Amino acid sequence: MTKTILITGAGSGFGKGAAIGMAKAGHNIIATAQISPQVAALRNEIAELELDNVRVEKLDLNDPYDMAFIQTLDIDILWNNAGIGETGPVSEIPLDLVRRNYETNVFKPLELTQGFIKRWVAEGRKAKIVFTSSMGGLFTPAGWGTYVSTKHALESIAEAIAQEVAPFGIKVQTINPGAYLTGYNETMADTAFRWLDAEKNFTKPAELRATFDALLATPMGHLDPAEMIERMIAIVPADTGKFRNVCPQAVEDMLKEAQAAAWTAEI
């Protein structure tokens, strides 16, 4: 069955790839991007692909006018995919950066989701909400704590909403990608070094950089994003499926082992 799917953060990476893939599969796509150059570039690409079932709109989650307009659209599925990431030691990171990360990754997606839920319940409409979480929503590697804590929050929010809206025929899923090579993780790793100071902070920039480089250099640190995009194309429009969707399987296995180990860890 053809669905109308609204995607936030579709200007690049997973969102863009999956938007194009789902459109080719026959779904009606509303692909949104944060800034005008992304909107223009995506519209041009969609035109070249001759995909007349894709509508590209500007959506900055922190722009109240963008948010109000987007919530007037008629959709079957809301995919909260947009996000930003702050790295660095949680014990030292400036709190304004933490608040900004939560605003974009948690509060604004929740605001958007609440708006659509209210409409769907009033209309008696069956619908679906998808949150792009992360492997980091299920464990916490050092140096990534601020970002992954927003994903931990999304996991809890998604689980609560799923129970609350089930009686109304609204379904909820999360997608938890591993460290795919979209450029997102690599640029996020750089964010700490715009404030971390070897003379002021006890966390030394060179040591943190070495930690990030070692993690991202492993085979599990630069997976082919085409695999995740293919999974997203299947998961997002589906009427049935798992609540939590971790990819690849090796990451799911690692997360389960890490969670089990947490019960016996000692300080």
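Predicted model: local features only at pLDDT ≥ 70, side-chain atom pairs only at ≥ 80, totals over all residues.
A search of the whole structure returns six aromatic pairs, among them that of Trp144 with Phe212, whose rings adopt a tilted arrangement with 4.8 Å from centre to centre and 55° between the planes. Because Trp144 belongs to the loop between β5 and α5 whereas Phe212 belongs to helix α7 (residues 205-217), the pair ties together parts of the chain that are 68 residues apart in sequence. Trp144 and Phe212 are both buried.

The loop that holds Trp144 is also the place of Ser134, between β5 (127-132) and α5 (145-165). Ser134 has a relative accessibility of 9% and therefore counts as buried, the cut-off being under 20%. A polar atom of the Ser134 side chain lies 2.8 Å from the backbone nitrogen of Gly136. When residues up to four places away in sequence are left out of the count, Ser134 is in contact with Tyr147, Lys151, Ile175, Asn176 and Pro177.

Elsewhere in the model, strands β2 (residues 28-33) and β3 (residues 54-58) run parallel and are joined by five bridges. Within this pairing, Ile30 stands opposite Arg55 of β3.

Note on methods
Residues numbered from 1 in each chain as written. Heavy atoms only, no water. Pairing = 2+ DSSP bridges. Helix = DSSP H or I, 4+ residues; strand = E, 2+ residues; numbered from the N terminus. Buried < 20%, exposed > 50% of the residue type's maximum accessible area, 1.4 Å probe, protein only. Polar contact = N/O pair within 3.5 Å; in protein donor to acceptor, adjacent residues only side chain to side chain. Contact = heavy atoms within 4.5 Å. Phe/Tyr/Trp six-rings, centres within 6.5 Å; stacked < 30°, edge-to-face > 60°.
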